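Subject: Structure handover

Hi,

Here is the structure we talked about. My notes on salt bridges and helix packing follow below.

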Amino acid sequence: MTTPSETAIRAAGTALARAEIFDDRVTADRPRIQAWAEAMDPHGIDQVDAIAAVTAHYSAPGAQTIRVGDVIAAARKIRRERAEREKGEQVAIAAPDGQLGGLPIGGADGTPIWSA
């Protein structure tokens, strides 16, 4: 048995507390929080992603009782999608170079072929 980080314990406790609201079959007792935290810790899941994962799970039609693997998979998907959005926001689109006639060949090197 490993000792999970405080972040993992808070994330597991928060996820289970949220799941209790959605599903009467879920209990957030100390041993369960500890076990979920141990499973979640290697994935670095925080409280925000844990809550979002539980909410997403129970928002789906016909959702079954959530398990720690469901939280981990959903939280990782949420984190991956956020990283893709942030990466897209960081990509700056440069204004077209007037000398290139608006063509997307901004990295072209060499002497222009004017007759082309």
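Exposure first: buried means under 20% relative accessible area, exposed means over 50%, and partly exposed is in between (1.4 Å probe, protein chains only). This is a predicted model, so local features need pLDDT of at least 70 and side-chain atom pairs count only at pLDDT 80 or more, while totals for chains, interfaces and linings use all residues. Residues are numbered from 1 along each chain as its sequence is written, and side-chain values use heavy atoms, with hydrogens and water left out.

Salt bridges

The criterion is a side-chain nitrogen of Lys or Arg within 4 Å of a carboxyl oxygen of Asp or Glu.

- Arginine 32 pairs with aspartate 29, with the closest N and O atoms 3.7 Å apart. Arginine 32 is partly exposed at 36%. Aspartate 29 is also partly exposed, at 33%.
- Arginine 25 pairs with aspartate 23, and here the closest N and O atoms are 2.9 Å apart. Arginine 25 is exposed, at 58% relative accessible area. Aspartate 23 is buried, at 5%.
- Aspartate 49 pairs with arginine 82, at 3.0 Å between the closest N and O atoms. Aspartate 49 sits in helix H3 (residues 47-59) and arginine 82 in helix H4 (residues 68-90), so this bridge ties together parts 33 residues apart in sequence. Aspartate 49 is buried at 3%. Arginine 82 is partly exposed at 26%.

Helices here are DSSP runs (H or I, at least four residues), numbered from the N terminus.

Helix packing

How do H1 and H2 pack? Helix H1 (residues 6-22) meets helix H2 (residues 30-40) at an angle of about 120 degrees, and their axes are 8 Å apart. Axes are lines fitted to C-alpha atoms, for helices over the stretch in contact, and angles run from 0 to 180 degrees between N-to-C directions. The two helices are therefore oblique to each other. Under 35 degrees would count as roughly parallel, over 145 as roughly antiparallel, 65 to 115 as roughly perpendicular, and the rest as oblique.

The crossing of H1 and H2 is right-handed (near helix turned clockwise from the far one by less than a right angle).

On the H1 side, the contact residues are Ala8, Ile9, Ala11, Ala12, Gly13, Ala15 and Leu16; on the H2 side, they are Arg32, Ile33, Trp36, Ala37 and Met40. Contact means heavy atoms within 4.5 Å. By class, this contact has 10 nonpolar, 1 polar and 1 charged residues. Nonpolar covers Ala, Val, Leu, Ile, Met, Phe, Trp, Tyr, Cys and Pro; charged covers Asp, Glu, Lys and Arg; the others, Gly among them, are polar.

Best wishes
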